Amino acid sequence: MSQEGSEADAGLPGLGESEEEMSDCQSFASAAEEGGGRTGDRAEAAPAANEQQWGCSHYPGRKARLICNSGCGEIFACRLCHDEVKEATPDPKTNHALVRGDVTQVQCAACELVQPVNPTCSGCGVEFGKYFCGICNFFDADASRGQFHCDGCGICRVGGRENFFHCARCECCLAVALKDNHTCTEAHLKHNCPVCLEYLHTSREAPSFLSCGHTIHQSCFQDLLRSGHYRCPTCNKAPIDMSAYWKWLDEEIADTPMPEEYRNMKLRVLCNDCLEKTETLFHTSGLKCGNCGGYNTQRIGEV
């Protein structure tokens with residue numbers, strides 16, 4: 001899953017997770033240690049069935065169910081199904097996330113045999129998914145999304161390995177077009193989105209790399225722009241070219257002079273873009289930076 005455009009729309013592969021809406025969670029409730037499914041014995045051949053009956057809304061067609069080894073021991077169709085159920089409970093004793101790397105057993109959806117993690121069922125021989133990662137314990141019935149495991153990220157990504165490179169300093173995978181054309185920032189994605197607070201490194205939402213060097217979900221960034229917020233929520237710098245808007249403000253201020261008592265009033269301002277402190281004439285439409293000419297400023301005092 002690549003993104004196009006400037007650095008504010010930098011390409012980054014998505015996680016090896018379905019991007020469909022997370023709903024219709026499927027929990028196969030019984031705990032493995034309490035007899036949830038057949039264990040160890042040889043299974044019969046899987047009956048012929050429509051592929052749509054396997055998996056869940058996140059991973060249609062997948063035939064492996066994960067057995068949580070992170071707290072509850074219950075069987076779920078996938079990690080997302082588990083987390084939607086368990087993280088919604090207010091009880092801290094049962095509220096937990098499933099860590100796929102901790103999973104040691106899966107249940108075959110076709111014959112219900114509980115077994116160690118494998119790409120195929122050791123009982124009926126059914127293939128659990130077209131894509132399988134033994135490091136992440138990740139299965140996907142749809143191999144067309146270009147899944148690949150990145151050792152540097154420590155997780156599976158989608159979008160095709162040939163389309164991305166791992167930046168050791170940023171600690172994430174970026175589109176090859178950005179190899180010599182991005183602001184390299186240490187641990188670029190290892191923080192929460194400043195808008196929705198979701199952890200970016202493992203988020204299934206594509207991020208945007210802003211020109212100031214900060215990172216935000218692409219969807220959150222677009223929401224900010226649509227609501228008229230043209231500043232990075234972390235540093236207040238303008239993440240897009242605002243020159244046309246600054247020109248419009250120049251014309252607006254020239255056409256609407258302030259009343260006589262305010263016409264010569266001067267203020268000190270700090271520019272969020274160039275970081276210079278300058279003096280400017282007061283106007284209700286905006287306070288212009290005396291250095292770069294922009295209006296992304298904040299008042300810091302009177303002259």
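Modeller: pLDDT is the predictor's confidence in each residue, from 0 to 100. In this protein its mean is 82, and 83% of the residues reach 70 or more. The model is predicted, so local features need pLDDT of at least 70 and side-chain atom pairs count only at 80 or more, whereas totals for chains, interfaces and linings use all residues. Residues are numbered from 1 along each chain as its sequence is written, and side-chain values use heavy atoms, without hydrogens or water.

Biologist: What makes residues 1–10 and residues 17–49 a matter for caution, given their pLDDT?

Modeller: pLDDT stays under 50 over residues 1–10 and likewise over residues 17–49. Where pLDDT is low, the predicted coordinates should not be read in detail. The model has 34 contacts (heavy atoms within 4.5 Å) beyond four places in sequence for residues 1–10, and 84 for residues 17–49.

Biologist: Why is the set of 19 residues called a nonpolar core?

Modeller: The name applies because its members are buried (under 20% relative accessible area, 1.4 Å probe, protein chains only) Ala, Val, Leu, Ile, Met, Phe, Trp, Tyr or Cys residues joined through side-chain atoms within 4.5 Å. Val 106, Cys 108 and Phe 139 are among those with the most contacts inside this largest core. Strands β4 (64–67) and β6 (105–108) each supply at least two of its residues; a strand is a DSSP run of E, at least two residues long. Another core, of 16 residues, lies apart from it and includes Cys 167, Cys 172, Cys 193 and Leu 210.

Biologist: Which residues does Phe 139 touch?

Modeller: Leaving out residues up to four places away in sequence, Phe 139 touches Ala 64, Leu 66, Val 106 and Phe 128, among others.

Definitions and conventions: Buried < 20%, exposed > 50% of the residue type's maximum accessible area, 1.4 Å probe, protein only. Helix = DSSP H or I, 4+ residues; strand = E, 2+ residues; numbered from the N terminus.
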